[in-house]
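Me: I am new to this structure. Please take one part and walk me through it closely.

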Amino acid sequence: GAAELGPYRHYMQKEIFEQPRALADTLQDIEAITPELFGDKAYSVFKEIDNVLILACGTSYYAGLTARYWIESIASVPVNVEIASEYRYRTSVPNPRTLVVTISQSGETADTLSALKHARRLGMTHSLTICNVATSAMVRECELAFITRAGVEIGVASTKAFTTQLSALYLLALSLAQVKGKLSEEQEANSIKALRHLPVALQAVLALEPQIIAWAEEFAAKENALFLGRGLHYPIALEGALKLKEISYIHAEAYPAGELKHGPLALVTGKMPVVTVAPKDELLEKLKSNMQEVRARGGELYVFADGNSQIGSEDGVHVIRLPEHYGQLSPILHVVPLQLLAYHTACVRGTDVDKPRNLAKSVTVE
Ligand code: G6P
């Protein structure tokens with residue numbers, strides 16, 4: 001009801017603004033990196049496994065794609081990420097030393113539960129879930145669990161569940177690294193410091209809302225949008241495109257920017273807004289040349305830069321700058337303006353934001 005919504009128009013907006021709290025709650029007890037964060041038996045399981053298989057659907061799948069970058073680069077453990085509904089219907093090659101990781105807000109998604117059981121039948125018995133509902137079927141089915149503390153999520157389009165999943169997956173990368181002897185004490189201390197600062201950093205990103213509303217006014221008149229990102233931020237581009245199509249019904253796709261020339265460049269005209277996730281990282285220079293390719297075809301760029309990106313607004317290039325540069329945790333901050341862009345675009349278009357047509361909050365049938 002209206003009372004619970006407080007100053008917000010929709011649950012989705014409320015949930016976007018709850019993210020600093022949701023992250024603080026999810027990370028509140030964490031004073032050190034230890035496998036026990038994932039359960040009593042986690043140390044022996046992490047010791048035994050030599051690879052990770054992530055299974056999830058929807059937004060949770062994009063959290064998994066982000067986790068692959070973290071786990072491989074921080075823990076040097078190979079990772080596969082599979083869409084749950086595809087994984088269980090293909091013949092794959094099981095490795096018993098796999099840690100099967102399911103990611104699910106609800107813990108009740110039928111495809112993800114079935115994929116987990118399928119993996120088990122193939123002899124992969126070690127499982128961990130990153131889940132937002134402690135009493136869910138997923139938590140019961142898995143050997144290990146990390147419960148995110150996003151709180152009840154009502155908007156069909158997932159927001160605070162996603163950012164808390166990401167924080168848990170980052171902890172997983174660090175914990176695996178520790179057990180595998182790849183985490184120095186200095187890295188551990190720096191990572192905890194960075195995680196603890198997230199709520200404050202997020203608050204500063206949320207303060208960009210008025211600038212994003214101005215962009216949303218322009219987006220509401222579009223029928224298509226392209227989202228670009230590279231590396232760690234490619235999954236964030238995917239999530240931004242998903243949010244926009246789910247609630248505003250604008251057709252949106254995401255590409256890793258290096259793939260532009262292999263297809264989507266043909267779509268770029270003055271009518272095609274190109275949202276670019278452009279924090280300062282080792283791929284930024286390459287991304288800038290991808291942006292030039294878009295400009296040369298008359299495409300309008302809407303760039304989310306960060307404190308270190310050094311990209312300025314010019315003709316056809318609109319820039320919103322996140323105040324800080326956030327290193328490896330940057331995806332958690334960069335997804336927030338994309339959530340707000342989708343939300344406000346949907347508001348301008350007058351769609352049913354919290355209950356978009358044809359979609360359900362949790363899909364418990366195949
Ligand atoms: C539905 C929801 C999405 C969610 C997906 C996976 O499609 O609309 O927001 O990402 O299910 O749900 P889960 O609860 O498993 O994360």
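**A helix beside the ligand**

Reply: Start at the ligand. Of the 16 residues around the ligand, G58, T59, S104, S106 and T109 come nearest. This is a predicted model. By class, the shell around the ligand holds 10 polar residues, 5 nonpolar and 1 charged.

Which helix gives the most to this shell? That is α5, with 3 residues. So take α5 as the part to study, because it runs over residues 58-75 and G58 and T59 are among the residues that come nearest to the ligand.

Now its length. Helix α5 has 18 residues. At 1.5 Å a residue, α5 should span 26 Å. Its end C-alpha atoms are 25 Å apart, so the two values agree.

Is α5 mostly covered or mostly open? Mostly covered: 13 of its 18 residues are buried. Then comes S76, which follows α5. The phi of S76 is positive, near 55°.

Step back to the whole chain. There are 14 helices and 10 strands in it. Of its 366 residues, 51% count as buried. The C-alpha atoms fill a box of roughly 55 × 45 × 40 Å, taken along the principal axes.

How does the chain fit the rule for a compact globule? With 366 residues, such a globule would have a radius of gyration near 21 Å. The chain has 20 Å, so it agrees with the rule.

Last, the contacts. Take those in the chain with a separation of 6 or more: residues 24 or more positions apart account for 76% of them.

Technical notes
Residues are numbered from 1 along each chain as its sequence is written. This is a predicted model: local features need pLDDT of at least 70, side-chain atom pairs count only at pLDDT 80 or more; totals for chains, interfaces and linings use all residues. Helices (H or I, at least four residues) and strands (E, at least two) are DSSP runs, numbered from the N terminus. The expected span of a helix is 1.5 Å times one less than its number of residues. A residue is buried if 20 or more other C-beta atoms lie within 10 Å of its own, exposed if 12 or fewer, and partly exposed in between; C-beta atoms are placed from the backbone. A residue is near a molecule or strand if its C-beta atom, placed from the backbone, lies within 6 Å of it. Ala, Val, Leu, Ile, Met, Phe, Trp, Tyr, Cys and Pro count as nonpolar, Asp, Glu, Lys and Arg as charged, and the others, Gly among them, as polar. The radius of gyration is taken over C-alpha atoms; the globule rule is 2.2 Å times the number of residues to the power 0.38. Two residues are in contact if their C-beta atoms, placed from the backbone, lie within 7 Å.
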